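Biologist: I would like to learn how to read a structure like this one, feature by feature. Could we take the features in turn, with the general idea before the case?

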Amino acid sequence: MNKIWLIIKREYLVRVRKRSFIIMTILGPLLMAGIIILPTYLAMQGHDERTIALYEENTFFSSKLEDTDNLHFVKIPFEEVNIIKEDFSASPYYALLDIKDAENFTLYSNQQVSLSVQSEIEGKLSDIIQRQKLELAGIDLQILEGVTTQIEVETIIIGEEGETTGNAEVSFGIGFMCGILIYMFIFMYGTMVMRGVIEEKTSRIVEVIISSVKPFQLMMGKILGVALVGLTQFLLWIILTLILSAFAEVLFFDTLTISTESIAVGKEQSLILSSLSTSLAGINILQLLFSFVFYFLGGYLLYSALFAAVGSAVDAEADTQQFILPITIPLIISFILMQPVMDNPDGVLAYWLSLIPFTSPIIMMVRLPFGVSNAELILSMALLVAGFLATTYLAAKIYRTGILMYGKKASYKELWKWLTYRG
Amino acid sequence: MSESILIAKDIVKQYGDYLALDYVNLEIPRGSIFGLLGPNGAGKTTLMRIINQIIAPDYGTLIFDGKPLKRADISQIGYLPEERGLYKKMKVGEQTLYLAKLKGMPHNEALEKLKFWFKKFDILHWWNKKVEELSKGMAQKIQFVVTVIHEPKLLIFDEPFSGFDPINVAIIRDEILELKKGGTTIIFSTHRMESVEEICDNIALINNGKTILEGAIEKIKNDFRSNIFSVKINTENLTLPEQFQIISNTDNNYQIQISENATSNQLLNALIEKCEIISFQEKIPTMEDIFIKAVKDE
């Protein structure tokens, strides 16, 4: 036991001291923050005011087309149309809207018109036509406007702890985040274990070490050491993110609130934000956090043992492809199926995928914010523990033979033979 | 205290259809240098791995220091594998300390012993260097230190001289001899027969997973005596009684085979009568001759 601690300590310290670890630890939250902040920031900016030249023989549309925040319509005479078409870049307009009749609209420009401009104009024109048709049918527009209603359904989850307010969007977001993080972590740290095994094999130190410790101790020491690296990184990310978001709040808070009010999307966002605290109450944060750490560790242990076995079977990282594929397939499948599972978090697909140990770390985390019964959660966790014990047992058998095979390209047949060798 | 540090009884190891060791028996006398010889693929490395408990035998027992070999004995064994290396990115001092502690040494003792060996080899200034900054010869010295640092009762060297330059070979050889003086038993496997003759007391020759020759080196050499004598004389037309058969003659250098009932003195007497003897020497087989002959005869 003392020796496995020595190995864990070495594996941990070597990696934590690496420059790449420090860089990743700092860049991680920055990238995350960037992913969240940048689109919001860009959405707030980037609404250039555009002037659209408008030509129409009569005034049916032009009299009804109203300017918006970013679109400004200017009616031009027919003579000007040809001048603009001849040398568009010299004209002050972004585009030229040519209306022939109620069915033929053409938008001219010297560049590809932006999708938002095109759809906005299309929306406005069809709106005008619709109103015209309604009026012709003798429907009073004022009555029509009075009929428009917007309702919001409050979702309440009747759970074991009583009634709680639910919010599918928040659950969706949290589930998605957790799933992605687990997927990323398993991949990152799994390959880290594999690289470590390959390094020991190619540097030929492995036989020196296993004359002091059992191959299983070396493998587990490495796996656990890297797990601690992962947890450290995760913890640092949380701390750094908290610090960063505190900074961001101070720096952006005022501008955020002001500008979000100005755009419609922003309103919706602030609505979500205000209801976030009540919605979060519907999600058992403690359970979520515990489950996240559990499924991260469980999934990582299950896969990293397999990654270690792959590392032991090859001489160089370039040879790992053929063995990596079958390991990554269940991971990628879980990743792809995250969306369907979220659409129907209590469906058959979601149920089974969250029980199978190869997919449960990702899928269960995706389902969890939508509420999963305790019995199901415990069963899934127990299966995951059984799963990683099984893969570790098998991987250890391949590992202890593989690490002593030099300069031999292993095949699946060979791996199967290694599994059958006795101690 | 038992006389043999290690006794291997009927060791069998099979990999799938391949029989690596086929009832191998060995006895390694305490305090000796034991040469484990054999062609490539004979099973030497498998046997050494079994002694180091890296792999387990399918059948057979190992007696270490009078008792069945157990897991705790690994702290009494030092092993320098043929495929050896170090973590390239790790500093020399930190790494040797780690490896010494893995052998079960307490931190302070490991540090003290390491400093002793580093001073002895005059490599103390490498302590904070990364292994990748060292030359191959330098790394080999470190590997040697790591192997012997915990002062085991039994040292196992698999091809210790492969890749060493002559200066380092001499240094390591002298260290091995000194360790022997200190009472350590040393097993070492090699293809270099001249080093076997130089330092080994006993040998075992393994071929196709079987021990085909085992014993004290002097005795084995005696057993392989061919009773051929090299004689240089000043006569060209030599004739001898029939118990002495002339095998070859080049420039008056004769190779003479003595039949089993004759002695070298009788040959001398027969020669003295006929010519002047310039030199007279028994042709003793080298370990290399014995190795080749034993493997071929098998």
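This is a predicted model: local features need pLDDT of at least 70, side-chain atom pairs count only at pLDDT 80 or more; totals for chains, interfaces and linings use all residues.

Biologist: What should helix α1 of chain A span at 1.5 Å a residue, and how far apart are its end C-alpha atoms?

Modeller: Helix α1 covers residues 2-16 of chain A, and its 15 residues should span 21 Å because each residue is counted at 1.5 Å; the end C-alpha atoms are 21 Å apart, which agrees.

Biologist: Which residues of α1(A) are buried?

Modeller: An α-helix has 3.6 residues a turn, so residues three or four places apart point the same way. In α1(A), the buried residues include A:Lys3, A:Ile4, A:Ile7, A:Ile8 and A:Glu11.

Biologist: In what order do the strands of the open sheet lie?

Modeller: The four strands of chain A follow the order β2-β1-β3-β4, with mixed pairing. Since β2 (71-75) and β4 (105-108) stand at the edges with a single partner strand each, one side of each is left without a neighbour in the sheet. Further in, β1 (residues 50-56) and β3 (residues 95-99) of chain A pair in the parallel sense over five bridges, and A:Glu56 stands opposite A:Ile99 in β3(A).

Biologist: Which helix gives the largest share of the nonpolar patch?

Modeller: That is α12(A), with three residues, while α12 (348-353) and α14 (374-402) of chain A each supply at least two. The patch, which includes A:Trp352, A:Ile356 and A:Leu379, has about 630 Å² of accessible area together. A:Ile356 lies in the loop between α12 and α13 (360-367) of chain A and, at 39% relative accessibility, counts as partly exposed.

Note on methods: Residues are numbered from 1 along each chain as its sequence is written. Chains are lettered from A and ligands numbered from 1 in the order in which they are written. Side-chain values use heavy atoms; hydrogens and water are left out. The expected span of a helix is 1.5 Å times one less than its number of residues. Buried means under 20% relative accessible area, exposed over 50%, partly exposed in between (1.4 Å probe, protein chains only). Patches are made of residues with over 30% relative accessible area and no salt bridge: like charges are joined within 9 Å, nonpolar side chains (Val, Leu, Ile, Met, Phe, Trp, Tyr) within 5 Å. Accessible areas come from the Shrake-Rupley method with a 1.4 Å probe; for residues, only the protein chains shown count as cover. A salt bridge is a side-chain nitrogen of Lys or Arg within 4 Å of a carboxyl oxygen of Asp or Glu. Two strands pair if DSSP finds at least two bridges between them.
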